[in-house]
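Thanks for coming. I will go through a few local features of one structure, so please have the sequence and the coordinates open.

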Amino acid sequence: MEAANVYTQDATVDLQGRPVLASKTGRWRACSFLLGYEAFERMAFYGIASNLVNYLTTRLHEDTISSVRNVNNWSGAVWITPIAGAYIADSYIGRFWTFTASSLIYVLGMILLTMAVTVKSLRPTCTNGVCNKASSLQIAFFYMSLYTIAIGAGGTKPNISTFGADQFDNYSLIEKKQKVSFFNWWMFSSFLGALFATLGLVYIQENVGWGLGYGIPTLGLLVSLLVFYIGTPFYRHKVIKSDNLAKDLVRVPIMAFKNRKLHCPNNVLELHELDSHYYKSTGKYQVQHTPIFRFLDKAAIKTCSGELPCTVTKVEVAKRVLGLTLIWLVTLIPSTLWAQVNTLFVKQGTTLDRKLGSHFQIPAASLGSFVTLSMLLSVPMYDRYFVPFMRKKTGNPRGITILQRLGIGFVIQVVAIAVASAVEVKRMRVIKEFHIASPKQVVPMSIFWLLPQYSLLGIGDVFNAIGLLEFFYDQSPEEMQSLGTTFFTSGIGLGNFLNSFLVTMVDKITSKGGGKSWIGDNLNDSRLDYYYGFLMVISIVNMGLFLWTASKYVYKSDEMKEVSGGCVEMEAKALDTSPLTIQL
């Protein structure tokens, strides 16, 4: 009994596979070593993504559509590759070792990218700010560097945040309470990195040099990795308990299809399931039957064919993944809206008056810092005031449900894109009033007109982005929580690809037959307001789909307990509602 109180209750181990002491490992003490990496990684990513569209157009001479498409494609790759990294972690080598290998690839990509903008033979030559056309070798090396970073991100993004969440024991009420706050403060650290990137690095890139602008986050990543490994003795590691996740997930619908003509028994006990002692002895989780997606229950029907049916637990895992997939689908349009921050919002800003005083000019990409600033201000308010207030009203330990949090974030995003469309209408009126035609002419309208759309997206992300990360981690099956968080990353990735597709198609359709493109090279002679309006319409339709999907969603239960008969039953249990604190 004494040992049970000393060691963690969730069967986590140290790097050598030995049980760990709850008092000397994990919690915020361990997470403090991870937060530095997250801040520097975000600084590196946003240091590239925020201003990449400007580098492509001014240094590599790409047109507006090509540059937007290439930024979206690279960003999409950064957010899609985590699917592979998460699968490797959950099925083979665990989060720690997957992160270790991938972080080295990430740093290598950053070093190569710094070389691509620094070494004379690898970058186009420029005279008085005008650059010569880049050679095929220079372009190839630049994009090779970018996609090396994307490959490295595939193993770091899905594993570092889930590895941080693993430091809290779900079977300890104190640690579970702290875990509720974890994702808010995790994203807070990432926002700090993004803020420095959009305020500091973007300015350095445009006014000092691209090499220094990429070199600073590269050095920061190296230092943060050193700090990460110093914290190794304090980390908790979850044991890999699933043999082949993909095989199990694919087999369930196949078996259900084979048994489609069979009658599914009303008594759940007639379906195939292993004895509860098997789950206890192996440390695996048994999941009880739920009434959703009943057509998949046919995969667990016992037949005389000799083929072993799926267990109820495996069927329930497949149901859980299907439910997450439906929610994931309605997050793609919101991710498309966010893709505007590093693409069209930046190009829009380059046309406006960016002077601050008589000598200082604001880099257009620096306005992205207001997304981050609004997040940094909103996260503590959300965690310290909104959650406790709503907790008293609803009795929910999170204040509101995760899906309610997402819904609020999606509504704020719709308002943001509506504001962006209205500001663009105002910009077009000024252009008409002053008879502006050249793409180089500055529109006599302050760039600070764009602040509301940036700030609203930042506030929306406190509900949306953090909520999505928490939702997909919390609602994923226990054995695949790294893969679960890739629902979050892949949604952002596909949102970028979708934006790339929409930009390309809208340009082709609107310029067909000699017409004026909504998104032309000359934004002073385009109709971005129409494109933003189009995004607003599909966002409203998507919001309706989200509300319908959310109303049908059944949350995963929180805790397991043993009941009479030796069965394991899932049940929800409320958390202690005392104020949240960060304890080391």
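Helix α8 and its surroundings

Let me start with helix α8, residues 210-230. In this predicted model, α8 has 21 residues and runs 31 Å from its first C-alpha to its last, close to the 30 Å expected at 1.5 Å a residue.

Which residues of α8 are buried? They are Trp210, Gly211, Gly213, Tyr214, Pro217, Thr218, Gly220, Leu221, Ser224, Leu225 and Phe228. For reading that list, recall that an α-helix has 3.6 residues a turn, so residues three or four places apart point the same way. The cover over the buried residues of α8 includes α2 (27-49), α3 (52-58), α5 (82-118), α6 (136-165) and α7 (173-207).

Two of those covering helices, α5 and α6, also pack against each other, at an angle of about 145° and with their axes 5 Å apart. Their crossing is left-handed. Sorted by class, the contact of α5 with α6 has 23 nonpolar, 13 polar and 2 charged residues.

Next, the strands. β3, residues 352-353, pairs with β6 in the parallel sense, over 2 bridges. Leu352 has Val443 as its bridge partner in β6. Strand β6 itself covers residues 443-446, and its side chains alternate.

Ser335 is in helix α12, residues 332-338. Is Ser335 buried or exposed? Its relative accessibility is 10%, so Ser335 counts as buried. Leaving out residues up to four places away in sequence, Ser335 touches Gly491, Ile492 and Gly495.

Gly533 is in helix α19, residues 528-552. Gly533 counts as buried because its relative accessibility is 17%, and the cut-off is under 20%. Between Gly533 and Ala422 there are 8.9 Å in space, C-alpha to C-alpha, with the two 111 residues apart in sequence.

Last, two backbone angles to check on your screens. His61 is not a glycine, yet has a positive phi of about 60°. His61 sits in the loop between α3 and α4 (64-80), and with 42% relative accessibility it counts as partly exposed.

His435 is another residue other than glycine with a positive phi, here near 55°. The loop that holds His435 runs between α15 (402-433) and β6. With a relative accessible area of 70%, His435 is exposed.

That is the list; questions are welcome.

How values were computed
Residues numbered from 1 in each chain as written. Predicted model: local features only at pLDDT ≥ 70, side-chain atom pairs only at ≥ 80, totals over all residues. Heavy atoms only, no water. Helix = DSSP H or I, 4+ residues; strand = E, 2+ residues; numbered from the N terminus. Buried < 20%, exposed > 50% of the residue type's maximum accessible area, 1.4 Å probe, protein only. Contact = heavy atoms within 4.5 Å. Expected span 1.5 Å × (residues − 1). Pairing = 2+ DSSP bridges. Axes fitted to C-alpha atoms, helices over the stretch in contact; angles between N-to-C directions. Left-handed = near helix turned anticlockwise from the far one by under 90°. Nonpolar A, V, L, I, M, F, W, Y, C, P; charged D, E, K, R; others polar.
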